[in-house]
Amino acid sequence: MSARGEHPPDLRGELAFRLLVDAVEDYAIFLLGPDGRVLTWNRGAERIKGYTADEIVGQHFSVFYTPEELAAERPKFVLQMATDRGRFEDEGWRVRKDGTRFWADVLITALLDDRGVPFGFAKVTRDLTERRAAEEQRRALFAEQQARAAAEEALRARDRFLSIAAHELKTPVASLQLSAESLQRSRDADRLDAQRLDTGLRRMGTAARRLSTLVDELLDVARLTSDHLPLELGRADLVPLVREVMERFDDETEPPRVRLEGLDAAWVDMDVARMDQVVTNLVDNALKYSEADAAIEVAVTEEETEVVLTVADRGIGLDAEAADRLFEAFGRGRNAEHHQGLGLGLYISHRIVEQHGGLIEANARDGGGTVFALRLPRSSPQPRRA
Ligand SMILES: Nc1ncnc2c1ncn2[C@@H]1O[C@H](COP(=O)(O)OP(=O)(O)OP(=O)(O)O)[C@@H](O)[C@H]1O
Ligand SMILES: [Mg+2]
C-alpha cells in the first residue's frame with residue numbers, strides 16, 4: 001500500500017506490460033494475427049514506419065515490403081519460416097508510409113498454441129538505416145585507403161624497378177665503353193695485336209648480348225602483365241637447341257664450363273626462339289650463381305610422357321626464404337644480391353613453359369648447389385605419309 005493509500009500499479013500486470021511496449025520508441029513492436037494482419041501498434045512502430053495505429057491496425061503487414069520483395073512473396077516466406085522454426089530474423093529494405101525506404105532488422109516470433117498452430121506473430125523491427133550508412137561509409141573509406149596504399153606501393157615498386165633497371169642496363173653499357181676505349185688506346189699506341197683485338201671484341205659481344213637480353217626481358221614483362229606471349233609452335237628437337245645455347249656460352253668462358261649428356265634427340269612441340277630464351281636463362285643462372293670455373297651439368301632425358309631437361313650447378317644454392325618467389329617477377333634471393341640480374345628470367349621462362357603445357361622446378365642438389373628441371377610434353381611422332 002502506498003502512503004496515500006492507493007494501490008500501486010502492478011508492474012507484472014498486463015496493463016503495465018502494454019504501457020512498457022507502447023513507450024518503447026526505438027523498436028517497432030507489434031502483433032500480427034495468424035493471417036498476417038496488424039493487431040497492435042506501438043510508438044516505435046509509428047515513429048519508424050510513419051503510420052498511426054488507426055491507419056494500420058487491420059491491414060496486412062505486406063504493406064511494409066518493397067515491390068521486389070512482394071514479387072518474391074517474401075511476407076509469406078517469413079511467416080512460414082517463423083512458423084517452422086519458431087522465430088525468424090531478417091534484414092532488408094522496408095517501406096515507410098510516405099514511400100521512403102529504411103534498412104530494417106526484423107525478428108518475427110511465432111505464437112503457437114498447444115498443437116503448434118500459430119495464433120499470431122510478434123514482430124520487433126529496428127531501423128538500421130543510419131548504422132548501415134555509417135558502415136558503408138566506413139567500408140568505402142577503407143576501400144579508398146587500400147586503393148591509395150596500393151597505388152602508392154605501385155609507384156614505389158615502379159621507382160625501385162626503374163633504379164634497378166637503370167643500374168642493370170648501365171653495367172653492360174659501361175663494359176662496351178671500356179672495351180671500345182681500351183681497343184682505341186691499343187690502336188693509338190700501335191699495340192693492337194690479334195689477341196687484344198680478340199679479347200676486346202669478345203667482351204663487347206658479351207656486353208651487347210647482355211644489353212639485348214635485358215631489353216628483351218623488359219619488353220616481355222610489359223607484355224606479360226596484360227597478355228600471353230604469342231607462340232609459334234612446331235615440332236622440333238630440343239637437343240640441338242640446347243647445344244646451340246651451350247656453344248654461345250662456350251664462346252664466353254675459357255675453358256668451356258657447360259657439359260651436356262643424355263639423349264641424342266628429344267622431340268617436343270615448341271616455339272624454338274622462346275625455348276631458346278628459357279634454356280639460355282637456366283644455363284645463364286647456373287653459371288652466374290656458381291664459382292667462375294665451376295662446371296654445369298646439363299642433361300636431356302625422357303620420361304613416359306615428358307622430355308626433361310635438367311641444369312645442375314654447385315653454386316650458391318637456393319635461398320629458402322625466397323624459394324617460392326623465384327618464379328615471380330623481380331623475385332630474387334638474398335644470396336643473389338651480389339650478382340647482376342633483374343629477377344625476371346625465371347618469371348618469363350615459367351610463363352613461356354606454362355604456355356607450352358610444361359613446368360619448371362627448382363630443387364636443392366645433393367652435395368650442394370641447385371638443379372632446375374624443365375619438363376615439356378613429348379611430341380608424338382608425325383604420322384607417316386602413305
Ligand atoms: N642456379 C641458381 N642457383 C641459385 N639461385 C638461383 C639459381 N637460378 C636462379 N636463382 C635464384 O632465383 C632468382 C630469380 O632468377 P631469375 O633468372 O628470374 O633472375 P636473375 O637471374 O636474378 O635476373 P635476370 O632477370 O637477369 O634473369 C635469382 O635472383 C636467384 O636468387
Ligand atoms: Mg636469370
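Q: Asn281 and Asn285: buried or exposed?
A: Both residues, Asn281 and Asn285, are buried. The model in which they are found is a predicted one.

Q: Changing topic: what does the domain assignment of the protein chain give?
A: The assignment gives domain 1 (11-127), domain 2 (134-225) and domain 3 (234-377).

Q: What distance separates the centres of domain 2 and domain 3?
A: Taken over C-alpha atoms, the centres of domain 2 and domain 3 are separated by 22 Å. To the contact between them, domain 2 contributes 16 residues and domain 3 contributes 14 residues.

Q: How do the lining residues divide into nonpolar, polar and charged?
A: The lining of the second largest pocket comprises 7 nonpolar, 2 polar and 4 charged residues.

Q: Now single residues. Where is Thr370?
A: Thr370 is placed in strand 11, which covers residues 370-377.

Q: Why does Thr370 count as buried?
A: Thr370 counts as buried because its relative accessible area is 4%, and buried means under 20%.

Q: What does Thr370 touch, not counting residues up to four places away in sequence?
A: With those sequence neighbours left out, Thr370 touches Val311, Ala312, Asp313, Gly317, Leu318, Asn363 and Arg365.

Q: How about His60, where does that lie?
A: His60 lies in the loop between helix 3 (53-56) and helix 4 (67-71). The residue counts as partly exposed, at 25% relative accessibility.

Q: What does His60 touch?
A: Not counting residues up to four places away in sequence, His60 touches Asp35, Gly36 and Arg37.

Q: How far apart are His60 and Glu361?
A: In sequence, His60 and Glu361 are 301 residues apart. In space, the distance is 68 Å from C-alpha to C-alpha.

Q: Next, Ser175. Which helix is that in?
A: Ser175 is found in helix 6, which covers residues 129-188. With a relative accessible area of 26%, Ser175 is partly exposed.

Q: What lies in contact with Ser175?
A: Leaving out residues up to four places away in sequence, Ser175 touches Arg203 and Ala207. The C-alpha atom of Ser175 is separated by 9.1 Å from that of Thr206, 31 residues apart along the chain.

Q: And Leu176, where is that?
A: Leu176 also has its place in helix 6. At 24% relative accessibility, Leu176 counts as partly exposed.

Q: What does Leu176 touch?
A: Once residues up to four places away in sequence are set aside, Leu176 touches Met204, Ala207, Ala208 and Leu211. Leu176 and Asp220 are 24 Å apart in space, C-alpha to C-alpha, and 44 residues apart in sequence.

Q: One more topic, the backbone. What phi does Glu73 have?
A: Glu73 has a positive phi of about 55°, although this residue is not a glycine. Glu73 is placed in the loop between helix 4 and helix 5 (74-85). At 46% relative accessibility, Glu73 counts as partly exposed.

Q: What about the phi of Asp190?
A: Asp190, which is not a glycine either, has a positive phi of about 60°. The loop between helix 6 and helix 7 (194-224) holds Asp190.

Q: Why does Asp190 count as exposed?
A: Asp190 counts as exposed because its relative accessibility is 69%, and exposed means over 50%.

Methods:
Residues numbered from 1 in each chain as written. Chains lettered and ligands numbered in written order. Predicted model: local features only at pLDDT ≥ 70, side-chain atom pairs only at ≥ 80, totals over all residues. Heavy atoms only, no water. Nonpolar A, V, L, I, M, F, W, Y, C, P; charged D, E, K, R; others polar. Buried < 20%, exposed > 50% of the residue type's maximum accessible area, 1.4 Å probe, protein only. Domains from an automatic or database assignment. Contact = heavy atoms within 4.5 Å. Helix = DSSP H or I, 4+ residues; strand = E, 2+ residues; numbered from the N terminus.
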